[in-house]
Amino acid sequence: MSKAIHIPISISRIIVPTICLLLTAVLVRAQDQTTLMLVTHDSFNASETVLAQFQEETGITLEIIRLGDAGTVVNQSILSRENPLGDVLFGVDNTFLGRALDADLFISYESPLIDTVADEFKLDPEFRVTPINYGDIALNYDRSYFEENDLELPSSLQDLTLPAYRSLLVVQNPATSSPGLAFLLLTIMQFGTDGDYTYLDYWQDLVANDIYISDDWTDAYYNQFSGSAGSLGTRPLVVSYASSPPAEVYFADPQPEVAPTGSIVADGMVFRQIEFAGILQGTDNIEGAKQFIDFLLSMPFQEDMPLQMFVFPVNPEAALPEVFTQYALLPQAPMMMDSGEIDENREAWLQEWVETVIR
Amino acid sequence: MGRNGHSLIAVAWRVLRLAPIAFLAVFFVYPVLTIFGISLAPEGQLDLSGFARLVTSDYYVNTLLFTIWQAAISTILTLGLALPSAYVFSRFQFRGKALFLSLATLPFVLPTIVVAAAFSALIGPRGYVNAFLVTTFGLDAPPIQLERTLLLILIVHVFYNYAVALRIITTYWMNQNPRIEQAARVLGAHGWRLWWYVHLPLLRPAITAAGVLVFIFCFTSFGVVLLLGGPRYATLEVEIFRQARDLFNLPVAAALSIVQIGLMFAMMWVYTRLQRRISSEIVAAEASAQRPKTQRDRITITVTLAFMAVMLFTPLVALALVSVTLGFDGISFQHYQQLGSNPRGSVLFVPPLSAVGNSVAFAASSTALSIILGVVSSYLLLRNNRWSRLLDAAFMLPLATSAVTLGFGFIVALDQPPLNLRQSALLIPVAHTLVAMPFVIRSILPALRAIPENLREAASVLGASPWRRWRWVELPLISRALLVGATYAFVISLGEFGASLFIARPDTPTLPIAIFRLLGQPGGSSYGQALALSTILLLVSAVAFILIERLRTPGARGEF
């Protein structure tokens with residue numbers, strides 16, 4: 001029993017460093033005027049050198065606050081509107097834009113660089129949000145499966161209900177996944193909500209053709225889709241991004257000559273997502289926030305995005321890296337839905353989808 | 001220690017015992033009530049249409065029934081499978097016992113998406129087991145088809161919770177006097193009679209404590225149900241996430257949250273009412289475990305360990321195997337090597353060592369905080385009166401509260417000085433402590449209740465001050481239970497449980513966050529690196545468990 005004296009000493013080994021840690025955490029929070037808080041999602045990425053350049057040129061220290069996924073970022077920002085979490089929000093896309101604008105989250109700012117952006121991306125005429133990048137939701141296929149089985153690629157959404165594509169497709173649950181929602185919206189645009197054959201009829205046919213509905217992109221892409229490198233998945237078609245094939249090449253070591261996967265960008269099979277940034281209402285650093293929006297549109301950042309976030313820059317002049325020019329396909333006619341319409345109907349559509357597909 | 005020392009301790013205790021209540025009030029009750037207020041009365045006017053929505057469709061009723069049903073089955077399965085192992089671990093002394101018990105806790109640390117990957121590698125259609133069976137027996141199709149079945153959900157729930165039940169019951173059992181069992185055997189109790197009339201009644205406090213934790217855990221199951229069960233299955237927790245995160249329908253989310261919290265509170269209330277003070281005969285643990293004597297004993301131990309190895313360790317081994325073979329013909333550590341390099345110069349890049357450092361720092365703070373608060377709370381709960389029962393139920397509620405509810409609550413409630421903590425890294429250990437405290441309390445309380453009152457009285461009569469009495473009589477008797485609580489607190493924090501994903505945080509990426517980031521981008525090497533980092537998470541946890549073991553009362557080494 002006498003040895004038991006060791007306990008307090010051992011416990012103090014935990015407690016002392018802990019208290020130190022907690023104290024440091026409190027002290028480090030001291031803020032200064034030149035700090036700019038960027039509120040963003042967990043996939044925001046940029047080159048260290050490009051961000052350092054911004055900090056050097058402006059004298060602003062950038063602090064990145066992450067809030068989970070894109071939907072969470074918007075929701076949390078709406079909840080904290082009276083006392084915003086930061087100065088600039090990056091990462092609201094056109095499926096959440098209506099919700100964000102309705103909540104009056106942003107201050108209008110028309111950047112001098114807005115002329116460098118293609119007009120199709122300027123969804124808000126008041127410039128409460130500024131478009132920064134875009135990406136296309138498209139089917140990805142496992143190249144070797146289609147070659148070995150001598151199977152034609154589907155050339156329309158309707159093809160996916162044919163017996164030839166039975167048990168081949170993985171989609172994401174639109175209620176929980178952003179590409180899943182984009183794919184649902186695509187089917188709504190294609191088949192409509194009323195008439196003889198609505199999007200719900202289409203989904204019934206998809207289910208009858210044994211599609212696999214996964215909860216999120218990661219599970220769908222890595223665990224179910226057979227095309228990703230080394231995958232144990234069994235299905236050669238998945239809903240993903242048109243920029244996934246270049247990523248497959250870029251992240252392979254050694255890089256293959258031919259991409260192991262491809263994207264299908266035929267007309268009516270692609271939904272376009274645009275990502276925006278905006279200055280949060282209530283910021284006390286509006287000048288810094290404006291400088292940061294300008295920076296997001298500047299050439300160094302626009303050209304940095306493709307390899308960092310696997311999206312396309314909104315500035316058509318921005319040079320694309322080689323994996324993009326070589327392996328990414330750009331659709332002729334991507335589809336986009338009005339973000340107000342999405343916001344109005346999202347809940348009803350999801351409810352109908354759940355009732356048709358899941359029950 | 002003189003009289004002044006006594007009164008000093010008495011004052012210190014009076015202050016200290018308010019700490020857990022204050023902690024719960026500030027970091028749980030206040031944020032949750034604030035978000036409920038905003039959700040249910042956005043314009044200052046109470047609007048209960050969220051509740052009305054719940055009863056208009058039988059969807060929510062069915063969801064609730066499914067939630068209760070799957071949690072009950074998972075709990076019964078977990079307890080049923082853990083009891084025989086608990087017997088072996090509390091009755092026998094064998095080599096590697098402590099290590100085995102520690103490692104059994106490893107599943108708890110893995111994010112669901114990684115567990116899904118591990119199970120898919122093991123028993124998925126193209127997993128190791130099916131591949132082996134197909135080639136060995138020349139089959140046409142993989143024989144094991146568990147994808148999207150309720151069975152798979154249950155298996156993974158057992159995988160996650162097995163060690164919770166095992167460790168709580170084993171710890172308690174080891175302090176029980178083996179003479180009771182010996183006497184029963186002499187009196188002719190064998191087989192099921194021994195279990196039914198002796199073991200189970202004796203172990204009831206530990207079994208129910210473990211059962212309550214496992215039940216709440218499975219009741220609020222989110223990722224397991226969504227990922228492995230598919231969209232067909234939904235628990236209340238899944239529905240809360242869908243309403244709050246995806247639809248931003250706060251009234252319905254709040255109504256569902258209140259139903260969930262209310263149900264858990266009612267269950268805890270009944271549970272604490274049923275808890276009686278058990279004054280069984282406790283002994284120092286050294287006496288109770290013995291080396292196996294007969295061949296039968298050795299076979300029992302081997303079978304138990306083999307079962308646990310298959311149930312708990314094969315998925316982990318499959319995960320580690322994939323991390324060194326994904327994309328290669330043989331074995332390669334390329335994914336591990338790439339973890340340390342940042343060819344794109346990204347700000348998203350997390351050096352593995354700094355992720356380990358952040359994870360361990362958060363986990364150590366959460367563990368220290370939840371041990372201190374958990375021990376104090378357990379003493380508060382020891383008095384069996386109405387207030388302590390109410391408090392007991394209240395301390396469990398953070399575990400029953402959806403991460404998204406808590407995260408939203410933090411955002412709206414902790415935004416003004418002196419509690420302007422929204423962007424502080426401090427909030428992460430606070431959130432983890434809220435979830436970890438129930439585990440600490442449920443581990444300690446049965447042990448504390450089992451200490452007979454006359455033991456305390458004897459110590460006092462012999463002149464021991466309250467401090468010495470606690471230090472030399474009570475602490476040694478609860479130290480192993482404390483260790484179980486500490487291990488779980490550590491694991492919960494290391495596994496980055498839900499809530500912190502909803503907390504605004506400066507860039508202090510932990511291992512799970514780094515894993516999520518890698519899993520969020522396409523490309524074989526990202527996936528390989530995510531699995532490599534998951535394996536590192538397992539290794540870090542294993543090392544931490546072994547170190548925590550060493551903090552234990554040296555006298556009891558090798559027992560636990």
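**Exercise 1. State how many helices and strands chain A has.**

Solution. Start with the terms: helices (H or I, at least four residues) and strands (E, at least two) are DSSP runs, numbered from the N terminus. Chain A has 13 helices and 11 strands. This is a predicted model: local features need pLDDT of at least 70, side-chain atom pairs count only at pLDDT 80 or more, and totals for chains, interfaces and linings use all residues. Residues are numbered from 1 along each chain as its sequence is written, while chains are lettered from A and ligands numbered from 1 in the order in which they are written.

**Exercise 2. Describe how β1(A) and β2(A) pair, and how the chain gets from β1(A) to β2(A).**

Solution. Find strand β1 (residues 35-40) and strand β2 (residues 61-66) of chain A. They run parallel, joined by six bridges; strands pair if DSSP finds at least two bridges between them. Within the pair, A:Val39 stands opposite A:Ile65. Now follow the chain: from β1(A) it passes through helix α2 (residues 48-58) to β2(A), in a right-handed β-α-β crossover. Right-handed means that, with the strands pointing away from the viewer, the path from the first strand over the helix to the second runs clockwise.

**Exercise 3. Work out which element gives the most to the side of chain A that touches chain B.**

Solution. Contact means C-beta atoms, placed from the backbone, within 7 Å. By this rule, 67 residues of chain A are in contact with 66 residues of chain B. Elements giving two or more residues include α1 (6-27), α3 (70-79) and α13 (339-358) of chain A. α1(A) gives the most, with 11 residues.

Methods:
Two residues are in contact if their C-beta atoms, placed from the backbone, lie within 7 Å.
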